[in-house]
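Please find below a colleague's note on the model under review.

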Amino acid sequence: MPGSGQGSGQTSPGQGSSDSSGGTEADEDLTTSVVLIETELESGTGAGTGMVLSSDGTILTNYHVVDGSTEVQVTVAETGQTYEGTVLGSDESADVAVMKIDATGLTPINVDDDGTTLGEELTAVGNALGGGELLRVSGELTGTDESIQISDEATGGTKQLSGLLETDAAVVSGYSGGPMFDDEGEVIGISTAGSATNSQVSMRTGSDSYAVPIDEATEIADQILAGEEGNGVTIGPSGFLGIAVNTSGQVAEIVEDSPAEDAGIEVGSKITSVNGTSIDSENSIGVVLGETEPGEQVRVRWTDASGESHSAEITLAQSPTN
């Protein structure tokens, strides 16, 4: 779920230090290792936040911040310079992604090394509402190892995120991918979801925001940087069939000159399986193809609008989106 309108949380009057703009200006000591992210999508734009992992331009963010993007622009808060971001890999189930920008001399984040304690004070920093400046909100850690249901725009349903930190910091859209600092200035997590009625929605109430623990995120980042796929991690661009499906699973659009068009798939068809994996509410075409690579051959089965069954070996192209 990409960027602006896809970020975390809502503005909750009287909680944290937020105001109607999504927070107050973040102090320089909180922004040194933070980046602002803007994305181009096939149907609009998005915005989010990220963190510097290495001095040579490795950036950590949420998967949903860059998901579906055709272009990513990363602005380093410390220098004000903007770079093109390349997505190296991601773990959708953990909502973690790693990017690279062509920069040197950046200041990496300080990762928490002494664990978290319920009730401890924290500060979230992010590109609030995609406004192009870093704001902050404060709160407390109210839970650990939490699970939530969030909306999944790819399928029209919901999906679960687990193992999250729970806080009462009133983050808003655009904070996604940004740091949650403890009172020592160390990062304990990545803001990823809130209890607001926006595009990334927690289906629970009683708290304001959730974060991926930083130790889990950096472990995934290490796996991505090592080029090791598996356990939910994908590296590089995925395979591309060239279709768009609606919430009922029918093909709503075919990309011209795509592998799907060449195979004879038509609008109104319904994809029933890919490489033997049934396409249903739990296994969307996007999820299954996200585990493939460009040039890979897959066996696709579908029924056309008249109900006739078809099957073909299709060589996938490279996805134009992250």
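The note takes up a helix, a strand with its partners, and a salt bridge.

1. Basis of the note. This is a predicted model, in which local features need pLDDT of at least 70 and side-chain atom pairs count only at pLDDT 80 or more, while totals for chains, interfaces and linings use all residues. Residues are numbered from 1 along each chain as its sequence is written, and side-chain values use heavy atoms, with hydrogens and water left out. Helices (H or I, at least four residues) and strands (E, at least two) are DSSP runs, numbered from the N terminus.

2. Helix α3. The 12 residues of α3 (residues 214-225) span 16 Å from the first C-alpha to the last, close to the 16 Å expected at 1.5 Å a residue; the expected span is 1.5 Å times one less than the number of residues. Following the helix is G227, with a positive phi near 75°.

3. Residues I214, A217, T218, I220, A221, Q223 and I224 of α3 are buried (buried means under 20% relative accessible area, exposed over 50%, partly exposed in between; 1.4 Å probe, protein chains only). An α-helix has 3.6 residues a turn, so residues three or four places apart point the same way. The buried residues of α3 pack against several strands, including β13 (187-194) and β14 (209-213), where contact means heavy atoms within 4.5 Å.

4. Strand β13 and its partners. Because 8 of the 8 residues of β13 are buried, the strand is largely enclosed by the rest of the structure. Two strands pair if DSSP finds at least two bridges between them. β13 pairs in the antiparallel sense with β12 (residues 179-182) over 3 bridges, F181 standing opposite V187 in β13. These two strands form a hairpin with 4 residues between them, and G185 in the turn has a positive phi of about 80°. With β14, β13 pairs in the antiparallel sense over 5 bridges; here G189 stands opposite P213.

5. Residue T192. T192 lies in β13 and is buried, at 0% relative accessibility. Its side chain makes a polar contact of 3.3 Å with that of N62 (a pair of N or O atoms within 3.5 Å; within protein, one must be able to donate a hydrogen and the other to accept it, and residues adjacent in sequence count only if both atoms are side-chain atoms).

6. Salt bridge. How many salt bridges does a search of the whole structure find? The search finds 1, the criterion being a side-chain nitrogen of Lys or Arg within 4 Å of a carboxyl oxygen of Asp or Glu. The side chains of E313 and R299 meet in a salt bridge at 3.4 Å, N to O. E313 lies in β22 (residues 309-315) and R299 in β21 (residues 297-303), so the pair ties together parts 14 residues apart in sequence. E313 is partly exposed at 44% relative accessibility, and R299 is partly exposed at 29%.
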